[in-house]
Amino acid sequence: MAKKSKKQQAGGTPATVSLTAAGVEFTVHAYEHDPSHPSYGEEAAEAMGVSPERVFKTLVADVDGALVVAVVPVAGSLDLKSLATAVGGKRAAMADPTLAERTTGYVRGGISPLGQRKKLRTVLDASAESHETICVSAGRRGLEVELAPADLQKLTEAVSAAIARA
């Protein structure tokens, strides 16, 4: 069994540990998660007082039999056809939630594009580039990280493409 770093033992997540290790500037935002809220992403935006266009949700999809991570604003939804096109695929569907959790190492509503158990191809919606910083899950419900979109793209080796619908 792998030992946890001191940062993880002190409450860090694999996402924040990976950001720290990469020397990337980021801010952690914690809030009290309400299990009865209908949307994890909208709850995060409201709790942090941040525009929903700057808070991005991490979704896992199946594109032609391979899992792919899509990072899109919580203010919109994922365009599966555009996601498939962005990675050179033909068909995309949302992945089975249990498979997404098992593959990423995170629970639904807390899946981060960073520090995943298995590195998956990632597509970041092009709208992220219009913001100085964006927020994504830090790896658990009620915890977000704010960072520059370019840093997120670099660390996840993400492709940038228009994959969100308003």
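Mentor: One cut-off is needed throughout: a contact means heavy atoms within 4.5 Å, and a residue is called buried when its relative accessible area is under 20%. Please also keep in mind that this is a predicted model.

Trainee: What covers the buried residues of helix 2?
Mentor: In helix 2, which runs over residues 14-22, the buried residues are Ala15, Thr16 and Leu19. Because they cover an arc of only 95 degrees around the axis, they fall on the same side of helix 2. Their cover includes strand 1 (27-30), strand 7 (134-140), strand 8 (143-147) and helix 6 (149-156). Helix 2 is followed by Gly23, whose phi is positive, near 70 degrees.

Trainee: Which residues are buried in helix 6, and why are they said to be on the same side?
Mentor: Pro149, Leu152 and Thr156 are the buried residues there. The arc they cover around the axis is only 60 degrees, and therefore they are placed on the same side of helix 6. Just after helix 6, Glu157 takes a positive phi of about 55 degrees.

Trainee: Why does the radius of gyration of the chain agree with a compact globule?
Mentor: For 166 residues, a compact globule would have a radius of gyration near 15 Å, and the chain has 15 Å, so the two agree. As for burial, 42% of the 166 residues in the chain are buried. Among contacts between residues at least 6 apart in sequence, 61% join residues at least 24 apart.

Trainee: How many helices and strands does the chain have?
Mentor: The secondary structure comes to six helices and ten strands. A UniProt record, an unreviewed entry, lists residues 42-155 as "domain: YbaK/aminoacyl-tRNA synthetase-associated", and in the model that span is 25% helix and 33% strand.

Trainee: Where does pLDDT stay under 50?
Mentor: Over residues 1-10, for which the model has seven contacts beyond four places in sequence. Where pLDDT is low, the predicted coordinates should not be read in detail. For the chain, the mean pLDDT is 91, and 93% of its residues reach 70 or more.

How values were computed: Residues are numbered from 1 along each chain as its sequence is written. This is a predicted model: local features need pLDDT of at least 70, side-chain atom pairs count only at pLDDT 80 or more; totals for chains, interfaces and linings use all residues. Side-chain values use heavy atoms; hydrogens and water are left out. pLDDT is the predictor's confidence in each residue, from 0 to 100. Buried means under 20% relative accessible area, exposed over 50%, partly exposed in between (1.4 Å probe, protein chains only). Helices (H or I, at least four residues) and strands (E, at least two) are DSSP runs, numbered from the N terminus. The arc is that of the directions from the helix axis to the C-beta atoms. The radius of gyration is taken over C-alpha atoms; the globule rule is 2.2 Å times the number of residues to the power 0.38. UniProt positions are given in the numbering used here, feature names are shortened, and annotations may be inferred rather than shown by experiment.
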